[in-house]
Amino acid sequence: MANMQAMLVLVQFIAENFAVFFGGLFSGAAIYVCLTEHPPRTMLLFADLLALSRSNSRRTNAVLTTLAAVTALTASVSSLAGASIWWFVGGVAHLAAVIILRTKVAPLAKELAALDTDRDSEALGQKLLQRQAAYFSLLALVGLFSQYLFIGQR
């Protein structure tokens with residue numbers, strides 16, 4: 001019985017550290033996208049904006065989805081192993097981030113990839129780019145909120 005309790009404490013400790021690490025990477029990546037990729041877009045021509053979005057969107061979405069999924073899994077495992085309910089809440093928040101990335105951001109990237117660079121598409125493209133920036137800002141807030149929950153409960 002004591003060995004099982006010691007094993008649960010070890011699993012909880014490892015899962016918490018993985019959740020904090022990958023959650024921090026997720027938060028940092030989302031903030032990086034918000035601060036470095038979106039502000040320069042205001043100074044580019046529309047054709048350049050589409051080229052930038054097309055080149056970065058697949059990689060950015062894949063990295064953020066992977067980091068959020070690993071964080072959700074490890075935070076949930078730590079909660080099941082004995083950590084407080086706040087670890088589970090942080091895991092659910094990262095699961096919501098995965099859902100947002102898969103159901104909102106990925107289709108938005110496909111819409112942007114399908115746009116032409118003509119004048120008629122420019123207004124729609126600007127709206128789509130603004131919506132994409134809003135989603136990444138939301139993802140950054142989700143990551144920071146989860147990190148607050150994780151670190152506040154250590």
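This is a predicted model: local features need pLDDT of at least 70, side-chain atom pairs count only at pLDDT 80 or more; totals for chains, interfaces and linings use all residues.
Figure 1. Read along the sequence, the pattern is α-α-α-α. The C-alpha atoms fill a box of roughly 70 × 20 × 20 Å, taken along the principal axes.

**Figure 2. Helix H3 packs against helix H4.** H3 covers residues 85–114, and H4 covers residues 119–152. Two packed helices are described by the angle between their axes and the distance between the axes. Here the angle is about 165 degrees. The axes of H3 and H4 lie 10 Å apart. Angles over 145 degrees count as roughly antiparallel. H3 and H4 are therefore roughly antiparallel to each other. The crossing of H3 past H4 is left-handed.

**Figure 3. A closer look at the residues between H3 and H4 sorts the contact by class.** The contact of H3 with H4 has 20 nonpolar residues. Seven polar and three charged residues complete the count.

Figure 4. Two elements, helix H1 (2–37) and helix H2 (46–80), each give two or more residues to the nonpolar patch.

**Figure 5. Helix H1 gives the most to the nonpolar patch.** Its share is eight residues.

Note on methods: Residues are numbered from 1 along each chain as its sequence is written. Side-chain values use heavy atoms; hydrogens and water are left out. Axes are lines fitted to C-alpha atoms, for helices over the stretch in contact, and angles run from 0 to 180 degrees between N-to-C directions. Helices (H or I, at least four residues) and strands (E, at least two) are DSSP runs, numbered from the N terminus. Angles under 35 degrees count as roughly parallel, over 145 as roughly antiparallel, 65 to 115 as roughly perpendicular and the rest as oblique. A crossing is left-handed if the near helix is turned anticlockwise from the far one by less than a right angle, and right-handed if clockwise. Ala, Val, Leu, Ile, Met, Phe, Trp, Tyr, Cys and Pro count as nonpolar, Asp, Glu, Lys and Arg as charged, and the others, Gly among them, as polar.
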